[in-house]
Amino acid sequence: MSAISSPEKIPAGFIQRYTFTERVCHWVSSLTYVYCLFTGLAFYSPHLYWIAFVLGGGPTSRFWHPIVGLLFLAGAVWMHDLWRREMDVTETDKRWLRRVEDYASNQDELLPLQERFNAGQKIFYWLMFYGALVLLLSGIFIWFPEYISFQIAWLRTLMIVIHEIAALATIGGFIVHVYMGIFFVPGSMTAMTVGYVSRTWARMHHRLWYIRVTGGDLDREK
Ligand code: HEM
C-alpha cells in the first residue's frame, strides 16, 4: 500500500486507520462526488435548478460538471489502486451479510470477526468504483451532443437513462455511507480526518485487522 512516509503522531490509546495518502484520496473523491451530485441534481429536475444558480449559474455548472466528474473518476481509480486488494468479498463476508440484521441492531458480538473492511463497506466501495465507470462511459455521450447525429439520437437518450440510474444507485450508497460514518458508527470520523481511531473502536468493529496491525493474539483477545 502506498503511503507518505513521514510518520504521523498517534496519541496513546489510538491506532492508525488511514494514511495521509488514503485520506487525501478519500477527500478528493468525496468533494468531487459531492460537486457532481449537486450540479447533477440541478440538471435532473427543474425544481432543483436553483442549485445551479447557487453554484455559479447554469452554464458554469454545465461546464464544470463533466470535468469534475473526470476528477471523481480519477479519485475512484486512485482509491482502487490503494484498496482493491482489501476489498475482495470473502466467505466470512458472506456469513457477515447473512447476519446483517445483528449489525443493524448493534449486536456486533454476534457477527463474524472483521478484517479492515466489513462486507457493507466492500459493497459500497465496488458500487462507487463501477458507478464511476458507468457514469463516465454514459456521460461522454451527454457531454458532446454536437457529435451525436440524428440517426443515433436514441443512443444518447439511452445513455441519459443509464447515467441517471447509475447516479441514483451511487446516491443511495452515498447517503448510507455518510449516515454510517457520521452517526451510526461513532468514532469513525477521526479515521478520515486525522487518520486514527481508538483501540476500543478498532477491537469492536474490525477485530482481525486490530490484531493484525497491533501484533495481538486472537486467543488472548477473546
Ligand atoms: C462527503 C461525505 C463523506 C463522508 C462524511 C465520509 C466518511 C467516511 C468515513 C468516516 C470513513 C471511515 C469508515 C471506517 O474506516 O470504518 C470513510 C471510508 C470510506 N469512504 Fe467515505 N465519506 C464520504 C464520502 C465518500 C465518497 C463520495 C466515497 C466514494 C468514492 C467514499 C468512499 C469511501 C470508502 C471506499 C471508504 C472505506 C470503506 C468504507 O468505510 O466504506 N466516501 N468515509
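Tyr18 touches Glu8, Arg23, Trp83, Arg116, Phe117, Ala191, Met192 and Gly195, leaving aside residues up to four places away in sequence. The model is predicted. Tyr18 belongs to the largest nonpolar core and is also among the closest residues to the ligand.

**Nonpolar cores**
- The largest nonpolar core holds 23 residues, of which Ile15, Tyr18, Trp83, Tyr103, Val197 and Ala202 touch the most other members.
- Two or more residues of this core come from each of helix H3 (58–83), helix H6 (119–143), helix H8 (189–193), helix H9 (199–205) and helix H10 (207–214).
- Another core lies apart from this one and has ten residues, including Tyr33, Phe72, Leu73 and Ala76.

**Ligand site**
- The ligand takes up the space of the largest pocket.
- Helix H1 (20–44), H3, H6, helix H7 (153–184) and H8 each give two or more residues to the shell around the ligand.
- H1 supplies the largest share of that shell, five residues.
- In total 22 residues surround the ligand, and the closest are Arg17, Tyr18, His26, Gln121 and His177.

- Tyr18 places a polar side-chain atom 2.5 Å from an oxygen atom of the ligand.
- For His26, a polar side-chain atom is 2.8 Å from a nitrogen atom of the ligand.
- For His177, a polar side-chain atom is 2.7 Å from a nitrogen atom of the ligand.

**Helix H10**
- Arg207, Trp209, Tyr210 and Ile211 are the buried residues of H10.
- Gly215 follows H10 and has a positive phi, near 70°.

Methods
Residues numbered from 1 in each chain as written. Predicted model: local features only at pLDDT ≥ 70, side-chain atom pairs only at ≥ 80, totals over all residues. Heavy atoms only, no water. Core = buried A, V, L, I, M, F, W, Y, C linked by side-chain atoms within 4.5 Å. Buried < 20%, exposed > 50% of the residue type's maximum accessible area, 1.4 Å probe, protein only. Helix = DSSP H or I, 4+ residues; strand = E, 2+ residues; numbered from the N terminus. Contact = heavy atoms within 4.5 Å. Near = heavy atom within 4 Å. Polar contact = N/O pair within 3.5 Å; in protein donor to acceptor, adjacent residues only side chain to side chain. 1 Å grid on protein atoms, 1.4 Å probe; cavity = no way out; pocket = protein on both sides within 12 Å on 5 of 7 lines; lining within 4 Å. Sits in = over half its atoms within 2 Å of the grid points.
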